[in-house]
Amino acid sequence: MAKITYIEFNGKEHVVDVKPGLSVMEGAVKNNIPGIDADCGGACACATCHVYVDAAWQDKTGSQSAMEESMLDFAENVEPNSRLSCQIKVTDALDGLVVRMPQSQH
Amino acid sequence: MSEPGVVIVGAGHAGGTAAAMLRQYGYEGAVTIVGDEPIAPYQRPPLSKAWLKGEADAEALMLRPLSFYTEHGVELILGVRVTSLDRTAKSLGLADGKTLAYDKLIIATGSRARPLPAPGADLKGVLFLRSAADAEVLKAALGPGKRLAVIGGGYIGLEAAASGRALGADVVVLEREDRILARVAAGVLPKFFQAYHEAKGVRFELGVQIEAFVGDGGVLTGVRLADGRVFPCDEALVGIGNIPNDELARDAGLECAGGIVVDAAARTSDPAIFAIGDVTHRPLPLYDRMFRLESVANALEQAKQAAGAIVGRPAPPPEVTWNWSDQYDIKLQMAGIAFDADDILVRGDPAAARFAVFHLRGPVIRAVEAVNAPSEFMAARQLIGSQKPVDRAKLADPAVSMKEVAAG
């Protein structure tokens, strides 16, 4: 299990254990954490699971794929540490990961 | 006795989301979901895509984990059909003889696969792809050497054809119209998909009429066309569209017009009753008309509308409808609807499997179909919503970024 901290835009923190193999998005949805809509269910088709990866974790979560980068190009409030959380696979190495959510996914 | 609260009829993507949104919006009353399938709300799109190919398991299909419903006080009544609606008594009759009272009702009964009225349609091996149970049957039937006849060259049929090929099955698509994706306006997209599927070994028979399913001992052995040809097959998947499950509403006297008529807050002609998802005939403010949509995006938008209206939140702004389809390594993303479009513009190169078809009305984008072109999809989604005019020369030039096109 990897402990992941999801921080809503309003600052509310949710710390949950996520099974390796799931995506960071699935970890949020399965725990009913608000702020990650994931309309397409993880098909990288909608850009509604946008998160900011805490600086300390950017190396371990990897970088945006070409598809993801194109999708994020048109999302709101994109930062250099923006990712689509459906594209980050949870591994034991991500134990302790912290992600923050944007104000809105739409 | 506690108040009956909100009852949601239909445990699909729309119904499950409505319950979650009610809780997210702070609704504290009782919430009950009644569904006729034996399982908790799940996602249907993967049934013809990742799940069918074996790339997603049953748990991944679940819309929410089961613990969600207990933790958030959402009661699930599963495997039970709602048979009647008494609006005066504000009560539902269930197939098991029980009744269920409501303060507010959300009808999310979805749609069902349109049957093909041909002899032999009841043979074992004539399949549909709508529910997880349907998908289980189809998946078990596909494999190397199996022969699948897909009836209907729409998205469900094409996704099943792609998944069937991935599982090693022999696939033929039988389509009534003279092209696949007949509901799509532009010729380039159907041509592209047909060629792509053919390169993967799928055969197409266009402009054909199904005369009968033929069988032996109650089991399907082939599909016979009106021209006399018989296509031998082990399974036939019928994917010729869906019809709304609006009988409950119609019988109760709610206004229906090929779906339950709702307003922009998903409210029906009865102020205590909402309807969401595939079953609704809904306003499309951007296109100034009523329409019935079948998509996850629609289910989610209306789930938010209904939950918001019930808790008294201001109505969310209208969204641009969108959808997607995965076939082989192709991601097709669509936004808007080509209503009132007077021109078509293709950006990019179909031969390179990376292009977008824009449907324009004057300088305004009404709809897009983007093949492996996420920037075009995302930009168009915004431009369709804002109705901001675009420079057609820039749009047609892939060297000009979509950011620049959108900036005007």
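Start with B:E369: setting aside neighbours within four places in sequence, this residue is in contact with B:V184, B:L189, B:L332, B:M334, B:A356 and B:V357. Keep in mind that we're looking at a predicted model here. B:E369 sits in strand β26 of chain B, which covers residues 364–371. Is B:E369 buried or exposed? It's buried, because 30 other C-beta atoms lie within 10 Å and 20 or more is the mark for that label. One more distance for this spot: from the C-alpha atom of B:E369 to that of B:F355, 14 residues away along the chain, is 8.5 Å.

Zooming out, chain B splits into three domains, listed here with their bounds.

| Domain of chain B | Residues |
|---|---|
| domain 1 | 6–112 + 242–311 |
| domain 2 | 126–238 |
| domain 3 | 329–407 |

How far apart are the C-alpha centres of domain 1 and domain 2 of chain B? They're 30 Å apart. Where these two domains of chain B meet, domain 1 puts in 11 residues and domain 2 puts in 13. On the domain 1 side of that contact, you'll find six nonpolar residues, four charged ones and one polar one.

Then there's the contact between the chains. Chain A brings 14 residues to it, and chain B brings 22. Which element gives the largest share of chain A's side? That's helix α3 of chain A (residues 66–72), with three residues. By type, the chain A side that touches chain B comes out as eight nonpolar, three polar and three charged residues.

Definitions and conventions. Residues are numbered from 1 along each chain as its sequence is written. Chains are lettered from A and ligands numbered from 1 in the order in which they are written. This is a predicted model: local features need pLDDT of at least 70, side-chain atom pairs count only at pLDDT 80 or more; totals for chains, interfaces and linings use all residues. Two residues are in contact if their C-beta atoms, placed from the backbone, lie within 7 Å. Helices (H or I, at least four residues) and strands (E, at least two) are DSSP runs, numbered from the N terminus. Ala, Val, Leu, Ile, Met, Phe, Trp, Tyr, Cys and Pro count as nonpolar, Asp, Glu, Lys and Arg as charged, and the others, Gly among them, as polar. A residue is buried if 20 or more other C-beta atoms lie within 10 Å of its own, exposed if 12 or fewer, and partly exposed in between; C-beta atoms are placed from the backbone. Domain bounds come from an automatic or database domain assignment.
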